[in-house]
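Please keep the sequence and the coordinates in view while reading.

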Amino acid sequence: MMIRDAKFIISAVKPDQYPEGDLPEVALAGRSNVGKSSLINRLLHRRGLARTSGTPGKTQQLNYYLLNEDLYFVDLPGYGFAKVPKDVKAQWGKMIGTYLDKRENLKLVMQLIDIRHAPSKEDVEMYQYLAHYARPHAIVVTKADKVARGQYQKHIKIIRDTLKVLPGTQIILTSADTGLGKQEVWDLIAKHIGVEEIIPPSG
């Protein structure tokens, strides 16, 4: 599969707003400001496709991006330190939970963790949920360019130990700035949606 086109389709809040059809979906989950939008833009070589923001909690819906006519990326609302009222956070939690529980099209959840910080309580809860319910998942460590290369393994060990990562869970180190890990992420997605290879946009 060669990625020739990518476009934003819809922001959804509830199941009747999800796109119709049976195209596979890959969701990106993580705390606010972990770099979900930046990773999407890097993977698709489209600087402004997914809107990035310095304000945590900017994504408040499930944002669907269609790749060719073959696959959706689903950017989930960030959890954690977003400065929003508790009732809004509760709504986000219900929205994410409903999607993860019910969406049959979901083939993979990429949980993003910022390499600079030990996983938060919410990160641990998300990983425990994915592991307990056996949702196909992987850990994508973001912002690798923000720490020295020699510190990579130390930070990955902290992430692995804090989350109590199960054997066999794939961990991919990435940087939206340098492109580190980009092809590994595409290879991961290809495996989970059942295609031999995904050729991303150049750049």
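**From a buried aspartate to the whole fold**

Aspartate 75 has 1% relative accessibility, so this residue counts as buried; buried denotes under 20% relative accessible area, exposed over 50%, and partly exposed in between, with a 1.4 Å probe and protein chains only. The model is a predicted one, in which local features need pLDDT of at least 70 and side-chain atom pairs count only at pLDDT 80 or more, whereas totals for chains, interfaces and linings use all residues. Residues are numbered from 1 along each chain as its sequence is written, and side-chain values use heavy atoms, with hydrogens and water left out.

Aspartate 75 belongs to strand β4. Its C-alpha atom lies 7.0 Å from that of alanine 29, although 46 residues separate aspartate 75 and alanine 29 in sequence. Across the chain of 203 residues, 52% are buried. Of the contacts with a separation of 6 or more, 73% are between residues 24 or more positions apart, a contact being heavy atoms within 4.5 Å.

The chain contains five helices and seven strands. These elements are DSSP runs numbered from the N terminus, with helices being H or I of at least four residues and strands E of at least two. In sequence order the pattern is β-β-α-β-β-α-β-α-β-α-β-α.

How are the strands arranged? The order is β1-β3-β4-β2-β5-β6-β7 in an open sheet of seven strands with mixed pairing, where two strands pair if DSSP finds at least two bridges between them. β1 (6-12) and β7 (171-173) are the edge strands, each pairing on one side only. On average, neighbouring strands of this sheet are turned by 25 degrees against each other, direction ignored. Angles run from 0 to 180 degrees between N-to-C directions, and axes are lines fitted to C-alpha atoms, for helices over the stretch in contact.

Strand β2 has a parallel neighbour on either side in that order. Four bridges pair β2 with β4 in the parallel sense, and alanine 27 has valine 74 of β4 as its bridge partner. β2 and β5 also run parallel, joined by six bridges; here glycine 30 has leucine 112 of β5 as its bridge partner. Further along, β6 and β7 run parallel and are joined by three bridges, with valine 140 opposite isoleucine 172 in β7.

Two helices accompany this sheet. Helix α3 (residues 121-132) packs on the sheet and touches β2, β5 and β6, its direction making about 155 degrees with that of β5. Helix α4 (residues 152-163) lies across β5, β6 and β7 and runs at about 145 degrees to β7.

In a regular strand, side chains alternate between the two faces of the sheet. In β2, Glu25, Ala27 and Ala29 point one way and Val26, Leu28 and Gly30 the other, and all are buried. Leucine 28 has 0% relative accessibility and therefore counts as buried. Its contacts, leaving aside neighbours within four places in sequence, include Lys36, Leu39 and Ile40, as well as Phe73 and Met110.

Which residues hold the most contacts within the largest nonpolar core? Among its 28 residues, Val26, Leu44, Phe73, Met110, Trp186 and Ile189 touch the most other members. Such a core is a set of buried Ala, Val, Leu, Ile, Met, Phe, Trp, Tyr and Cys residues joined through side-chain atoms within 4.5 Å. At least two residues of this core come from each of β2 (25-30), α1 (36-44), β3 (62-67), β4 (71-75), β5 (106-114), β6 (137-142) and α5 (182-193). Helix α5 supplies the largest share, six residues. Another core, of 20 residues, lies apart from it, including Ala12, Ala27, Met95 and Tyr99.Helix α1 has seven of its nine residues buried, so this helix is largely enclosed by the rest of the structure. α1 and α5 pack with their axes 10 Å apart, at an angle of about 90 degrees. That angle makes α1 roughly perpendicular to α5, the classes being roughly parallel under 35 degrees, roughly antiparallel over 145, roughly perpendicular from 65 to 115, and oblique for the rest. Arg42, Leu43 and Leu44 of α1 meet Lys182, Val185 and Trp186 of α5 in this contact. Just after α1, histidine 45 takes a positive phi of about 50 degrees.
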